[in-house]
Amino acid sequence: AVRMYEKAVEFNPTFDVALANLGNAIKDMGRVQESVAWYLRAVQASPNFVEAVCGLANAMAGVCDWRARDGLKSEMAVRWQATALDCDEMAEQIFLVMSRGKRPTAPEYVSKLRKMISYGSPVKESPKVDAMVAVVDKRRGWMNRVVEIADQQLSDGRKWGSGLLMTGEPPVPTAALTQFVDRLCQLLPLGSTPPGSLASFVHAAHRAVSNSSSGEWRRLVRHIRCEGGWALRLAERVMAEVQRRQFWGTEKSIDLRPQLPTGLTAPSVPTVLPFHTFTYPLDAREIRLISHRNALRLSFSTLSGGAPWLPRHVYPPPAMSPILRIGYVSSDFNNHPLAHLMQSVFGMHSRSRFHVVCYATTAADGSAHRLKIEAEADVFVDCAAWSTARIVERIASDGIHVLVNLNGYTKGARNEIFAARPAPVLVAFMGFAGTLGAGWCDYVVTDPIVCPPWTVRCEVRAERLRLQSRKPQEMQEVNRANEQHSVFDSWDFGELDPEEDCGNWVYTERMIYMPHTYFVNDHRQGFREDEDVRNAGNDPESMWRAEVAVRWRMRQSVFPQLGDDAFIFANFNQLYKIDPALFRMWLRILERCPKAVIWLLRFPAAGEQHLRRVAVEWSGPEVASRVVFTDVAPKHVHIKRGCVADAFLDTPECNAHTTAVDILWSGTPVLT
């Protein structure tokens, strides 16, 4: 691919698509720094080429080339102003405003900056402040461009299916909406279902559509923000409900797969990928909608006829059984951090209660991790070369009750398997540390520390209802008397259509909260105690002395130039997780601790030159000399040498994941 794009660029040096694709190909080969030049040429050839702009910002951030961000060129001006104010906290606040987040309009920016510098009191016009703002204004970074692009794409994407379900002002239902709701009612007969059920909602929607002058119709319209997304998510909910009814056999239903409204075309997706939202300056709504739009596109491709192999009927759920059949789908059953953490999990299930099937979507690499998982799962299916249709059919025929997605939006994911819903319960676990925003994910296995209830839609709504129930009885009675009861009043539209403008929640899924931590931490990783420690016996004091001796030997081998009184801070994350504000804080720590160093990895190696340059510019050569780098080490060495550090400083914007576990195995404390 690289040679092909190079030929295209040689023939036409301003061929923007070929330039951007060449950048993509080189970046995928791990040569991130080289890709920057190709992305930059693509942007120069076509300044509004969205894919090139996003590729450039992402590649630059990956090697800590912070020209991709706003306001960094005015760092020296900020430091000068902070010195005049003699207030470190104020300097940090100013720096945060200037270097992170979506930049407000110029008047708002000037006002906010002046307010900070003046400690909140009004000040006269200041040429110095105006100069600082002007510098930032003229040197807007690529990251801000990316955020603006994402905002525009999300706004445009909200119009998906507009006019398909309702038209006019005031809106009236279209024939497509009437037919769509009619079919859903046929699939879910009302029967004896309770008022808050999905069937009651679908039939209430049918009544509302049948009478467009009713208050019910007006209530329904008020909650439909993206017509295409609302219809698709509702169809997915009905599909899951049909499976559930078949499993329990408590309510009648027709097992046909719901059909999407006629005329619905494929939705667009934002250029920013869900994985990149972890480090981009985006708010909660933007993060969830980027995942949500990717999920809609995948669901549409699977359910709208793009998968001709998909049967007209939903996949029948397996029969009830005292043994729960669990399927794990992953591309990472190899020498990969996920396998490092989970390699023992599959063999630790109680065989009297669970039957474990692993579906590997990548070829075997011969690693010990792969061999262990293959040996300890009840069934291990190597389906790397299989089509999606074959994998889905195999999962359905295996009678899986719970299908676990160990990828999410990560490299190698086969999420279309889950969109086909070959099992009645779909769960996300470990692979992706964010929301999937998808109708093909029912639950996320997590804990309330990692995913606090206020970030979860259903938990936010439950808390709101709980607070409402605490109102005085008289007020509740007045409210009930003044309101006409509707099924829609008790329905959570935000879960069905996450497009609402307000709310800081992120997760559309329901949470399965583990009691302590969701994070699997394999006790048989590559770490082994040094022989001296093992021979120290069981006396705690002797073991500790042996451990200290081992640490000092390791420290002297890694950093022979450091004195015994040096304090070693460390961070072993990939460098893309470091942002300017955090790195500035680390430099300030070194400024105040003259005998301290901070130890980073060449992860990637190209990031070292940029961080060293910024360190010299911001803190001078002496402090910069105490930012030290080493190469990435093999897993067992990486864990063992972690004991050299005195403290691990985590990256708050995107925390350490497997890396945090590695450093804890070495016995070094983590500050996060």
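## The largest cavity

The largest cavity holds about 160 Å³ of space, where a cavity is a set of points on a 1 Å grid over the protein atoms alone at which a 1.4 Å probe fits but cannot get out, and a volume is the space filled by probe spheres set on points joined across faces, edges and corners. The model is a predicted one, in which local features need pLDDT of at least 70 and side-chain atom pairs count only at pLDDT 80 or more, while totals for chains, interfaces and linings use all residues. Residues are numbered from 1 along each chain as its sequence is written, and side-chain values use heavy atoms, with hydrogens and water left out.

The lining of this cavity comprises 19 residues, and Met430, Phe432, Ala433, Gly434 and Val444 lie nearest the centre; lining residues have an atom within 4 Å of a point. Strand β8 (residues 443–446) gives the most to this lining, with three residues, strands being DSSP runs of E with at least two residues, numbered from the N terminus.

## The parallel sheet

An open sheet is formed by five strands in the order β12-β11-β10-β13-β14, with parallel pairing, which requires that DSSP find at least two bridges between two strands. The edge strands, β12 (627–630) and β14 (670–671), each pair on one side only.

Within this sheet, β10 (residues 567–571) and β11 (residues 596–601) pair in the parallel sense over five bridges, and Phe567 has Ala596 of β11 as its bridge partner.

Terms used. Helices (H or I, at least four residues) and strands (E, at least two) are DSSP runs, numbered from the N terminus. On a 1 Å grid over the protein atoms alone, a cavity is a set of points where a 1.4 Å probe fits but cannot get out, and a pocket is an open set with protein on both sides within 12 Å along at least five of seven lines; lining residues have an atom within 4 Å of a point.
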